[in-house]
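Open the model in your viewer and keep the selection tool ready. The tour goes from one selection to the next.

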Amino acid sequence: MKKSCLLLALSALLAAGAHAQDSGTLRKIKETGVISIGFRDKSIPFSYLDRQQRPIGYSIELCERVVAAVKNRLKLPTLEVMYRPVTAANRMAFVANDIVDIECGSTSNTLERQKEVAFSVTTFVSSSSLMSRKANSFQSLAELKGRTVVSTAGTTTVKALQEWSRALDLDLRIIAAKDHADAFAMVESDRAAAFAMDEILLLGLAATAAKPGDYAVHRSDLPQEPYGMVLRKRDPEFKRVVDDAIIELYRSGEIHQIYRKWFQSPLPNSRIELHMPMSAALRRVVAAPTDSGDPADYR
């Protein structure tokens, strides 16, 4: 009797394990033959639209490697990729509610966000900065006291700005714009003194402006933040496939070629070049991959 119970329990465990292998995101992709990718359409150079309105960018290229790994893992002859645009405000909900299987953009991995979604190993480490028109440039943060500063709704920068304003008694008027383009337009039209966002995104926006030389980007003292692909929680098998695909790029050294393409060379079909060398923090991630959402781990 005891032996029979033991065998039944063992069979149940094995069946559960086999079921787990094909559960969640991987099972959905296998059954539909489609993987749904959330992307940002104006987050240069991570995720944006080319002249043919196709998603391209650093994060999109990494995501394409993940798609190939998923196709191989599921042994599918073909795998359709469906791109769905997301915003800073809805990207987490789109992943958590099964609208997209993975989000590939410029999303910061934070301990707070990890309560709602999971993240891949880190793919970039950002530094927060402020952009202004050179005509309205400032030499110190104190000069922004009482002025209007814009950021993008749904980003970690909005909360950081609020805390920063209180801590330094700056009395900033903080506006959360719909997206990066709207925030940039506020600076462009002098409705805001500065746009607070990740430095690389600000550089991308300035570089694609009608008059790039009209803008200046100033470093701030806000902490660095890691970017990662956004995944559903409680799906470790899918996360393992995603992480392994990225880590293979790190181990092979191919990540350096991909990085140079998007950050140190003219962007595809463009003369725009960002001149952004790989940071020491990202080099450490490439050498020792991590999915930590704690900024202290990237100092």
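How many of the six residues of strand E9 (residues 128-133) are buried? Select them: five of the six are buried, and E9 is mostly covered. Buried means under 20% relative accessible area, with exposed over 50% and partly exposed in between (1.4 Å probe, protein chains only). Helices (H or I, at least four residues) and strands (E, at least two) are DSSP runs, numbered from the N terminus.

This is a predicted model, in which local features need pLDDT of at least 70 and side-chain atom pairs count only at pLDDT 80 or more, while totals for chains, interfaces and linings use all residues. Residues are numbered from 1 along each chain as its sequence is written, and side-chain values use heavy atoms, leaving out hydrogens and water.

Two strands pair if DSSP finds at least two bridges between them. Strand E12 (residues 194-198) pairs with E9 in the antiparallel sense over four bridges, and Ser129 stands opposite Met197 in E12. Strand E13 (residues 215-219) is joined to E9 by five bridges, also antiparallel; here Ser129 stands opposite Arg219.

Now go to the open sheet of three strands, in the order E2-E3-E4, with antiparallel pairing. Strands E2 (42-43) and E4 (55-56) are at the edges with a single partner strand each, so one side of each has no neighbour in the sheet. Two bridges join E2 to E3 (residues 47-49), and Ser43 stands opposite Ser47 in E3.

Last, select Lys239 in helix H8 (residues 236-252). Lys239 counts as buried, because its relative accessibility is 19%.
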